[in-house]
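User: I am new to this structure. Please walk me through how to read it, starting with the overall picture.
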Amino acid sequence: MASEKIELDVLTMQDLFGVTDTNLRVLEGELGVMLLTRDGSVEVMGQSEENIRLAVQTLQMLNQMRGLGEKIDEFAVSRALDSVREGRAEETVSAMKDVVAYTYAGAPVKCRTLGQKKYIRAIEENTVTIAIGPAGTGKTYLAVAEAVRALKDKKVNKIVMCRPAVEAGEKLGFLPGDLQNKVDPYLRPLYDALDEMLGPETVQSYMEKRIIEIAPLAYMRGRTLKSMFLLCDECQNMSVAQHLMILTRLGEGSKMVLTGDITQIDLPSPEDSGLERCAEILEGIDDIKVIRLSGADVVRHKLVGKIISAFEKHKAGSSEPGGGKHPNPAPDRAQPRRGSGKPFRKK
């Protein structure tokens with residue numbers, strides 16, 4: 001049995017290993033190694049020298065992440081191991097060094113994956129950024145952080161946020177209250193992100209002064225947005241025509257970020273979604289950047305990445321000839337059943 005020892009600070013070891021060595025158990029289970037801690041060092045033992053090397057490099061990366069103030073938990077261990085396996089440990093650690101913004105409570109907002117780093121760089125270097133990716137990749141949250149930073153740095157005079165008022169597969173029916181009360185539930189995720197960045201009182205004050213505006217997509221028609229940071233969220237629920245409408249609102253001195261997840265289209269006809277087509281049309285144009293995030297960029301919860309991967313595998317299997325098909329598929333609702341227009345007559 002081969003082995004390798006790595007020296008670590010005692011305080012670092014306490015953070016790295018968690019309660020009852022929970023984090024160590026993740027590495028042991030993933031790589032089939034045994035980890036023994038003694039006097040500020042960790043001995044990695046196992047049958048595979050390659051797996052021992054991966055474990056040591058993962059521990060070293062976690063040590064660096066802790067030094068940057070990152071929370072070390074089971075999810076962080078899994079992400080670090082994935083980075084080491086893909087040979088991008090140094091790049092990932094480097095991406096975590098830059099602070100995008102600070103929350104109202106003083107916590108730093110930082111990129112936690114290479115994809116997120118590319119996303120932030122795209123926003124900073126381009127006038128229009130289109131971000132497409134699954135849930136939990138920080139598309140909206142990081143864009144809000146960039147918008148707040150641009151406002152504080154006086155690069156823009158106003159933040160405008162919008163999203164289409166499309167129900168997520170449900171019919172909510174009549175909603176009480178005035179027009180603002182009716183649309184606020186659709187815009188709540190944007191309010192939540194702003195509250196975390198600025199604090200509820202500041203957000204309310206800025207909204208009263210019209211420094212921050214949050215509105216449904218329909219309110220954007222006919223406007224010209226000058227010296228503003230526009231974030232359009234949930235763009236997978238917008239048609240090509242709606243994308244053209246919002247993109248042509250762009251005025252002098254403004255930035256625009258469009259975000260969406262093409263796997264979560266809530267339109268009655270998913271083929272009406274224009275996000276992917278819009279990205280294809282605009283990709284390659286100077287000062288417009290298309291960023292595609294993936295399951296590797298999920299930072300919400302360790303299970304979110306696994307859920308996304310499982311659905312992607314299922315979709316891939318279903319797209320193969322004969323793959324994933326039910327032996328007795330239900331009839332297409334868009335097409336009438338044979339003979340459905342004739343009344344049934346008993347013979």
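Analyst: Start with contacts across the chain. Of the contacts in the protein chain with a separation of 6 or more, 68% join residues 24 or more positions apart. Keep in mind that this is a predicted model.

User: How many helices and strands are in the protein chain?
Analyst: The protein chain has twelve helices and eleven strands.

User: How do I read a sheet?
Analyst: Strands of a sheet pair through backbone hydrogen bonds, either parallel or antiparallel. Here, take an open sheet of three strands, with antiparallel pairing and the order 1-3-2. Its edge strands are strand 1 (2-7) and strand 2 (34-38), and each pairs on one side only. From one strand to the next, the twist averages 20°.

User: How many bridges link strand 2 and strand 3?
Analyst: Strand 2 pairs with strand 3 (residues 41-46) over five bridges, in the antiparallel sense. Arg38 stands opposite Ser41 in strand 3.

User: Now a single residue. Where is Glu70, and why does Glu70 count as buried?
Analyst: Glu70 lies in the loop between helix 3 (49-67) and helix 4 (74-85). Buried means under 20% relative accessible area. Glu70 counts as buried because its relative accessibility is 10%.

User: Which residues is Glu70 in contact with, leaving aside its neighbours within four places in sequence?
Analyst: With those neighbours left aside, Glu70 is in contact with Met65, Arg79, Met96, Lys110 and Arg112.

Conventions: Residues are numbered from 1 along each chain as its sequence is written. This is a predicted model: local features need pLDDT of at least 70, side-chain atom pairs count only at pLDDT 80 or more; totals for chains, interfaces and linings use all residues. Side-chain values use heavy atoms; hydrogens and water are left out. Helices (H or I, at least four residues) and strands (E, at least two) are DSSP runs, numbered from the N terminus. Buried means under 20% relative accessible area, exposed over 50%, partly exposed in between (1.4 Å probe, protein chains only). Contact means heavy atoms within 4.5 Å. Two strands pair if DSSP finds at least two bridges between them. Axes are lines fitted to C-alpha atoms, for helices over the stretch in contact, and angles run from 0 to 180 degrees between N-to-C directions.
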